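Hello,

Here is the structure I promised to pass on to you. Please have a look at it first, and then read my notes below.

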Amino acid sequence: MSAPAPIEVAGLRKVYRQTTTGEAVTAIQQLDFRIEPGEVVAIVGQTGCGKSTFFDILIGLEAPTAGSIEIGGRTPYGDFDGFRGRIATVFQQDRLLPWRSALDNVRLGLEMLGLPEAQQVERSREWLARLGLGDFLQAYPHELSGGMRQRVAIARAFAVQPGILLADEAFGHLDEVTASQLRDEFVGLARANGATAVLITHQLEEAIGIGNRILVFGKPATLLADVRLDGYGADDTALLREAIQATLQTNRIDPRLLQ
Ligand SMILES: Nc1ncnc2c1ncn2[C@@H]1O[C@H](COP(=O)(O)OP(=O)(O)OP(=O)(O)O)[C@@H](O)[C@H]1O
Ligand SMILES: [Mg+2]
């Protein structure tokens with residue numbers, strides 16, 4: 001894994017100009033927070049509140065209108081190549097290449113990093129095996145179930161050994177049992193590898209199950225609440241769910257979340 005560095009978000013703002021109408025759309029109002037190396041963080045927020053936009057800036061696909069995201073003092077959108085292999089994302093759609101086998105899909109990121117071929121193959125095998133797909137190395141995406149395809153996408157993300165792992169609604173479309181298994185594996189592997197993990201989810205249950213911390217975004221994105229889960233016991237789950245739900249609905253922090 002690359003050297004761990006915090007993610008520092010300061011005065012972040014993003015306004016899009018719609019191509020058809022020329023109208024300005026504020027996707028991110030203002031965000032300020034910091035994620036420490038090795039933290040496992042869930043982001044929840046209403047649809048259209050700017051969560052994916054936040055990820056787009058974090059992976060360097062978009063530049064902010066104002067403010068910054070810095071990782072180890074550098075910005076992903078300003079230094080795209082410098083971040084190659086340091087951040088990996090699992091998306092809602094698996095985004096596998098249909099003409100490549102599972103093994104070759106996982107190899108893709110390693111090819112881009114310029115690893116020797118033998119090492120690409122070895123590492124891809126290893127990660128596919130770790131995700132329970134050791135017998136499906138040569139299978140093509142259309143031969144795999146949705147859950148299996150998402151496992152390939154997870155293997156592909158982990159294989160580059162990134163310091164930061166992102167998941168954007170990566171498990172929501174699978175059945176509940178598969179989703180919670182994959183989510184636990186994703187988080188478990190991130191922890192075992194000392195990586196920072198940030199997961200976007202619509203489902204509060206999923207966010208609460210994830211671990212250290214929940215960031216609740218307003219619409220357009222502001223930080224409504226920064227919930228540290230270690231402050232709550234197992235009995236508090238129902239209260240947490242209600243309080244976060246109320247925060248999302250009213251677009252202001254529910255007093256039960258103030259500690
Ligand atoms: N490239 C773009 N051009 C113009 N507007 C955009 C662009 N990308 C996103 N938006 C707008 O910015 C806002 C935030 O979108 P975003 O995709 O970040 O939301 P989200 O929180 O990920 O939503 P969801 O939960 O539905 O995935 C929306 O109003 C969206 O229409
Ligand atoms: Mg989104």
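Let me begin at Asn251, which counts as partly exposed because its relative accessibility is 34% (buried means under 20% relative accessible area, exposed over 50%, and partly exposed in between, with a 1.4 Å probe and protein chains only). Asn251 sits in the segment after helix H7 (237-250); helices (H or I, at least four residues) and strands (E, at least two) are DSSP runs, numbered from the N terminus. The phi of Asn251 is near 65°, a positive value in a residue other than glycine.

Before going further, some ground rules: this is a predicted model, where local features need pLDDT of at least 70 and side-chain atom pairs count only at pLDDT 80 or more, while totals for chains, interfaces and linings use all residues. Residues are numbered from 1 along each chain as its sequence is written, chains are lettered from A and ligands numbered from 1 in the order in which they are written, and side-chain values use heavy atoms, with hydrogens and water left out.

Two other spots in the backbone deserve a look. Most residues other than glycine have a negative phi, and most peptide bonds are trans. Glu169 has a positive phi of about 50° although it is not a glycine. You will find Glu169 in the loop between strand E6 (164-168) and helix H5 (176-192), and it counts as buried because its relative accessibility is 11%. The peptide bond from Lys219 to Pro220 is cis, with omega near -10°; Pro220 belongs to the loop between strands E8 (213-217) and E9 (221-228).

Next, the ligand. Which residues are the closest to ligand 1? They are Thr47, Gly48, Lys51, Ser52 and Thr53, from a shell of 13 residues (a residue is near a molecule if one of its heavy atoms lies within 4 Å of it). Several polar contacts, meaning pairs of N or O atoms within 3.5 Å, can be picked out. An oxygen atom of ligand 1 is 2.4 Å from an N or O atom in the Thr47 side chain, a polar side-chain atom of Lys51 lies 2.7 Å from a ligand oxygen, and a polar backbone atom of Gly50 is 3.0 Å from an oxygen of ligand 1. Strand E2 (24-35) and helix H1 (51-58) are the elements that give two or more residues to this shell, and H1 gives the most, with 3 residues.

Ala102 is buried because its relative accessible area is 3%. Leaving aside neighbours within four places in sequence, Ala102 is in contact (heavy atoms within 4.5 Å) with Leu128, Phe136, Leu137, Ala139 and Val152.

Enjoy exploring!

How values were computed: A polar contact is a pair of N or O atoms within 3.5 Å; within protein, one must be able to donate a hydrogen and the other to accept it, and residues adjacent in sequence count only if both atoms are side-chain atoms.
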